[in-house]
Amino acid sequence: MDKKSPRVLIAGAGIGGLTAALSLLKKGVDCDVYEQAPELKEIGAGLWVSPNGARVLFALGLEEEMRSVNLEAEDRVVRLWNTGQSWSVYNRQDPAGANHTLFMLLRAELHRILAEAVLRIKPDAIHLNHKVESFEQDAHGVTLKFADGTSVTGDALVGADGLHSKVRQAAFGPAPGRFMGAIAWRGLVPMERLPAHHQRPVASTWVGPTAHVTSYPVRKGAGLYMSFSGQADTNVWQEESWSQVGSISECLQDFAGWHEDIVDLVKNAETLFKWGLFVRETLPSWTLDRVTLLGDACHTMVPYLGQGVNMAIEDGHVLARCIAANPERPAAALVQYENARRERAANTVRRSAAMQSTFHNPALARPETAEPYVNKQWHPDMVKERYDWLFTYDATAVPV
């Protein structure tokens with residue numbers, strides 16, 4: 001094998017794994033992606049790509065395709081759970097602040113765009129029906145082993161295989177999830193089922209005393225849908241699965257007393273999914289010689305800053321930069337990648353968790369305390385402090 005042209009194995013064809021693959025291929029580094037699913041698709045509803053994530057995707061040549069499926073946000077608002085009172089928090093008029101533009105996309109559309117971009121460069125880069133079991137490594141390379149008894153060998157292995165990462169388990173042992181005291185709901189609602197005022201391209205965060213909801217419109221083919229996700233405090237231990245179907249009546253119980261706009265979303269959703277919010281404890285290291293992790297495999301976080309997918313995108317690009325800069329020493333490149341990413345990821349994990357008590361706060365229960373609370377917590381200075389450090393980060397140029 002040509003030492004100047006390493007081959008990178010990537011476990012997991014989610015958004016983080018595909019971003020890593022595309023970034024590597026764009027830099028002339030060979031890679032292959034191994035996905036356990038029998039077909040290439042992404043479940044889930046919508047997602048926000050914030051400026052830090054969009055900066056990477058634009059650098060990878062995907063701006064035009066992203067804009068073709070994006071509904072450009074007119075505003076980003078915070079709304080009160082029971083009255084619907086609204087506050088704009090979109091800092092587009094502040095020339096001194098960070099760009100707060102959000103791309104409101106269907107998760108499946110972003111996944112498709114990334115997969116197609118990878119396959120345009122290397123048509124056989126993505127291998128389906130490859131369930132990872134374990135790996136072995138030595139001074140010469142790393143071998144990824146699959147459940148069917150087959151294996152592949154490369155110079156480095158990236159575990160981009162999510163919350164239940166087999167690569168992480170093989171490298172560092174079991175990492176049980178820690179329940180975060182909330183159940184999450186998500187759904188997609190065909191826009192034609194909703195009153196006309198729902199159709200404005202606005203990203204809304206509804207806040208309440210024990211729950212909150214994020215909603216925004218997305219494109220799905222030729223149709224428009226409202227994507228929503230909600231988290232409600234609970235002491236009941238829930239499953240981690242993202243694909244457990246819930247009922248309308250259950251969801252309405254978690255949002256009893258909420259504004260009619262939220263009731264509209266719940267009652268008209270095509271399917272409602274529910275899951276418990278879990279995180280893994282921070283690992284002492286993500287990297288073991290020729291093996292490393294990215295995204296949820298190494299830094300799970302609650303979704304309260306909307307940064308899970310954006311962190312995976314950043315990870316994938318910084319990883320590729322490190323490998324391309326040090327192709328003859330892949331193990332050293334992986335350490336370089338971890339050192340470049342660890343502090344930012346850990347800070348995002350901590351700040352995301354801290355937002356639960358901001359979005360779910362007893363002050364929001366009463367009219368006389370709710371408005372002052374929102375005015376304080378979403379004052380422009382507070383919004384800048386909360387988000388600008390996230391949005392100004394440039395994974396394409398940050399020192400590595």
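1. A friendly place to start is the aromatic content: the structure holds 10 aromatic pairs, where rings of Phe, Tyr and Trp (its six-membered ring) pair if their centres lie within 6.5 Å, and planes under 30 degrees apart count as stacked, over 60 as edge-to-face and the rest as tilted. Please keep in mind that this is a predicted model, in which local features need pLDDT of at least 70, side-chain atom pairs count only at pLDDT 80 or more, and totals for chains, interfaces and linings use all residues. Residues are numbered from 1 along each chain as its sequence is written, and side-chain values use heavy atoms, with hydrogens and water left out.

2. Phenylalanine 58 and phenylalanine 103 form an edge-to-face pair, because their ring centres are 5.6 Å apart and their planes stand at 85°. Phenylalanine 58 belongs to helix α2 and phenylalanine 103 to strand β6 (residues 103-106), so the pair ties together parts that are 45 residues apart in sequence. Helices (H or I, at least four residues) and strands (E, at least two) are DSSP runs, numbered from the N terminus.

3. Phenylalanine 103 is buried, at 5% relative accessible area, whereas phenylalanine 58 counts as partly exposed at 25%. Buried means under 20% relative accessible area, exposed over 50%, and partly exposed in between (1.4 Å probe, protein chains only).

4. Helix α2 (residues 51-59) has Pro51, Asn52, Gly53, Ala54, Val56 and Leu57 as its buried residues. Just after α2, glycine 61 takes a positive phi of about 85°.

5. Another aromatic group to look at is the cluster formed by Trp81, Phe255 and Trp258.

6. Helix α1 (residues 15-26) and helix α8 (residues 308-325) have axes that come within 8 Å and cross at roughly 30°. Axes are lines fitted to C-alpha atoms, for helices over the stretch in contact, and angles run from 0 to 180 degrees between N-to-C directions. The two helices, α1 and α8, are therefore roughly parallel; that label applies to angles under 35 degrees, with over 145 counting as roughly antiparallel, 65 to 115 as roughly perpendicular and the rest as oblique.

7. On the α1 side, residues including Ile15, Thr19 and Leu24 meet α8 residues, among them Val309, Ile313 and Ile323; contact means heavy atoms within 4.5 Å.

8. α8 also packs with helix α9 (residues 330-354), at an angle of about 160° and with the axes 8 Å apart. That makes α8 roughly antiparallel to α9. Contributors to this contact include Glu314 and Asp315 of α8, and Arg341 and Arg344 of α9.
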